[in-house]
Amino acid sequence: MGPGNSNSVNRRQGRWQLLIQDASTLALQGTGTRRAARTLNDEAGGDRVALETAREHFVARVAEGDDVHAEKAIRYLDAALSPGMALAHPLRSIARR
C-alpha cells in the first residue's frame with residue numbers, strides 16, 4: 001500500500017495504521033521531508049492523534065535498533081505535526097478549487 005491509501009480507512013484498520021504504512025513507504029522511497037509531511041498531513045485529514053500514534057510507532061522501532069527508515073519517518077511525522085504545516089493545509093485545498 002502506498003501513499004493515498006488512507007481514503008480507504010475501514011473499521012479493521014485505523015487511520016494511524018495507514019499513516020505508518022505510508023510513512024514507511026515514503027521513507028523507503030527517500031521522499032523529501034516537506035513533500036512527505038504534506039502527504040501525511042493530507043492523509044491524516046486533521047487527525048493529530050493518528051499522526052502522533054504513527055510517530056510513537058516509529059519511536060519504538062528506533063528504540064529497538066538502528067533503523068534509518070524509521071528515523072526518516074519520524075522526521076516526516078514531526079514535520080506534519082508542526083504548526084506551520086497545519087496552517088498550510090487549508091490554503092492548499094482552496095488553491096486546488
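Is Ser 24 buried or exposed in this protein? Ser 24 counts as buried, because its relative accessibility is 18% and buried means under 20% relative accessible area, exposed over 50%, and partly exposed in between (1.4 Å probe, protein chains only). The model is predicted, so that local features need pLDDT of at least 70 and side-chain atom pairs count only at pLDDT 80 or more, while totals for chains, interfaces and linings use all residues. Residues are numbered from 1 along each chain as its sequence is written, and side-chain values use heavy atoms, with hydrogens and water left out.

The protein contains 5 helices and 0 strands, and its pattern along the sequence is α-α-α-α-α. Helices (H or I, at least four residues) and strands (E, at least two) are DSSP runs, numbered from the N terminus. Of the 97 residues in the protein, 33% are buried. The accessible surface comes to about 5,900 Å², and 53% of this belongs to carbon and sulfur atoms; such areas come from the Shrake-Rupley method with a 1.4 Å probe, and for residues only the protein chains shown count as cover. Contact means heavy atoms within 4.5 Å. Among contacts between residues at least 6 apart in sequence, 61% join residues at least 24 apart.

Helix H1 spans residues 15–29 and includes Ser 24. When neighbours within four places in sequence are left aside, Ser 24 is in contact with Phe 58 and Arg 61. Leu 18 also lies in helix H1. Leu 18 is buried, with a relative accessible area of 0%. In sequence, Leu 18 and Glu 43 are 25 residues apart, and their C-alpha atoms are 8.8 Å apart in space.

Helix H2 (residues 33–44) crosses H4 at roughly 65°, and the two axes come within 8 Å. Axes are lines fitted to C-alpha atoms, for helices over the stretch in contact, and angles run from 0 to 180 degrees between N-to-C directions. The crossing of H2 and H4 is right-handed; a crossing is right-handed if the near helix is turned clockwise from the far one by less than a right angle, and left-handed if anticlockwise. H2 contributes Thr 33, Ala 36, Ala 37, Leu 40 and Asn 41 to the contact, and H4 contributes Arg 75, Tyr 76, Leu 77, Ala 79 and Ala 80. These residues divide into 7 nonpolar, 2 polar and 1 charged. Here Ala, Val, Leu, Ile, Met, Phe, Trp, Tyr, Cys and Pro count as nonpolar, Asp, Glu, Lys and Arg as charged, and the others, Gly among them, as polar.

Side chains of opposite charge can pair when their charged atoms come close. The structure holds 3 salt bridges, a salt bridge being a side-chain nitrogen of Lys or Arg within 4 Å of a carboxyl oxygen of Asp or Glu. Arg 55 forms a salt bridge with Asp 78, with 2.4 Å between the closest N and O atoms. This pair links distant parts of the chain, since Arg 55 is in helix H3 (residues 48–64) and Asp 78 is in helix H4 (residues 68–81), 23 residues apart. Arg 55 also meets Glu 56 in a salt bridge, at 3.6 Å from N to O. Arg 55 is partly exposed at 23% relative accessible area, Glu 56 is partly exposed at 48%, and Asp 78 is partly exposed at 36%.

A further salt bridge joins Arg 61 and Asp 67, whose closest N and O atoms are 2.9 Å apart. Arg 61 counts as partly exposed at 26% relative accessibility, whereas Asp 67 is buried at 18%.
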